[in-house]
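Here is a short tour of one protein model. Have a look at the chain before reading on.

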Amino acid sequence: MKKLVAMALLAWMLLAGCTAEGGPAEGSSAGGESSAAKVTMSLYPSETRATAQFPLPNGWSVVTEDLDRAELRDANGKVAAEVTFSSYTAHPDLPRDEEWKVVYSSLRLSSMVALDQYTPVSITDSGESALADYSYKDPDYLAAHPETANSEVPFVTVPMVLCYNRELAGSVTIAFAPETGLSDDEIRAIAEGIRLLPAEEPASKIDLALVEGSVHTQEDFVFLQYSDSAPADETEERE
């Protein structure tokens, strides 16, 4: 599980996950037209790599950051979602409908984030994808009231797409920004089309991710802190 304190400072999000078999859904209605995003990263904290495939709304792009996180940006360059990969410890004796509680335990059992209204949308032999409400402590409120106790900081609630793969013991989540312009049906289309699969290429700490879009340095990445303005055109290829 990712370090709680570090994640709290970066908008109070811990790790989570998704899986299914096959490729991304075709003809998805997400964002009207859509393309297929393909992100390959490590299932933190393990070094096992996996590939998430999902419909990407028209005009959106993927920006990779490190071994277990990526941003989705809308057609205006605004951060619209956060993609997080993670591993989990399997409990094979659990009933199938209880398995997700172990996969996403870091989101369910934290005092800084919450996961509610978990609703499966696609179930396969190896896992499932789902929708949920994801809540985290409001980073803007905390910045304006640094002396406020955590218990008094209000929550921000956003849609989340989740998917886990039992064979990989890994998961991927997509936490959306508060205002993305996507309808409930469009977000559901992403949940129906998302897949978590074994990575096709060997693990590498240098080749952090294979995606369409720019590769930004770590200093450029702001975790779940959404800006009203588009980011500057400052991209830097990793060597």
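How many aromatic pairs does the count come to? The count comes to five aromatic pairs. Rings of Phe, Tyr and Trp (its six-membered ring) pair if their centres lie within 6.5 Å; planes under 30 degrees apart count as stacked, over 60 as edge-to-face and the rest as tilted.

This is a predicted model, in which local features need pLDDT of at least 70, side-chain atom pairs count only at pLDDT 80 or more, and totals for chains, interfaces and linings use all residues. Residues are numbered from 1 along each chain as its sequence is written, and side-chain values use heavy atoms, with hydrogens and water left out.

**Confidence**

pLDDT is the predictor's confidence in each residue, from 0 to 100. The protein chain has a mean pLDDT of 75, and 68% of its residues reach 70 or more. Over residues 1-32 the pLDDT is below 50. It also stays under 50 over residues 202-239. Where pLDDT is low, the predicted coordinates should not be read in detail.

**The sheet**

Helices (H or I, at least four residues) and strands (E, at least two) are DSSP runs, numbered from the N terminus. Two strands pair if DSSP finds at least two bridges between them. Seven strands form an open sheet with antiparallel pairing, in the order β3-β4-β5-β9-β8-β7-β6. β3 (61-64) and β6 (113-124) stand at the edges with a single partner strand each, so one side of each has no neighbour in the sheet. From one strand to the next, the twist averages 25°. Axes are lines fitted to C-alpha atoms, for helices over the stretch in contact, and angles run from 0 to 180 degrees between N-to-C directions.

| Strands | Bridges | Opposite residues |
|---|---|---|
| β3 and β4 | four | Thr64 and Ala70 |
| β7 and β8 | 11 | Gly127 and Asn165 |
| β8 and β9 | six | Met160 and Ala175 |

In the hairpin of β8 and β9, four residues lie between the strands. Buried means under 20% relative accessible area, exposed over 50%, partly exposed in between (1.4 Å probe, protein chains only). In β8, eight of the 11 residues are buried.

**The core**

A nonpolar core is a set of buried Ala, Val, Leu, Ile, Met, Phe, Trp, Tyr and Cys residues joined through side-chain atoms within 4.5 Å. The largest one has 30 residues. Phe54, Leu72, Phe85, Val161, Ile174, Phe176 and Leu196 touch the most other members. A second, separate core has 18 residues, including Tyr104 and Val158. Contact means heavy atoms within 4.5 Å. Beyond its neighbours within four places in sequence, Ile174 is in contact with residues including Phe54, Leu72, Val161 and Ile190.

**Back to the rings**

Tyr88, Trp100, Tyr104, Tyr118 and Tyr164 are linked into a cluster by ring pairs. Trp100 and Tyr118 are stacked, at 4.1 Å centre to centre and 5° between the planes. Trp100 lies in helix α2 and Tyr118 in strand β6, so the pair ties together parts that are 18 residues apart in sequence. Trp100 is buried, at 15% relative accessible area. Tyr118 is buried too, at 12%.

Helix α2 (residues 99-103) also holds Glu99. Is Glu99 buried or exposed? Glu99 counts as buried, at 11% relative accessibility. Its contacts beyond four places in sequence are Tyr88, Leu94, Tyr164 and Arg166.
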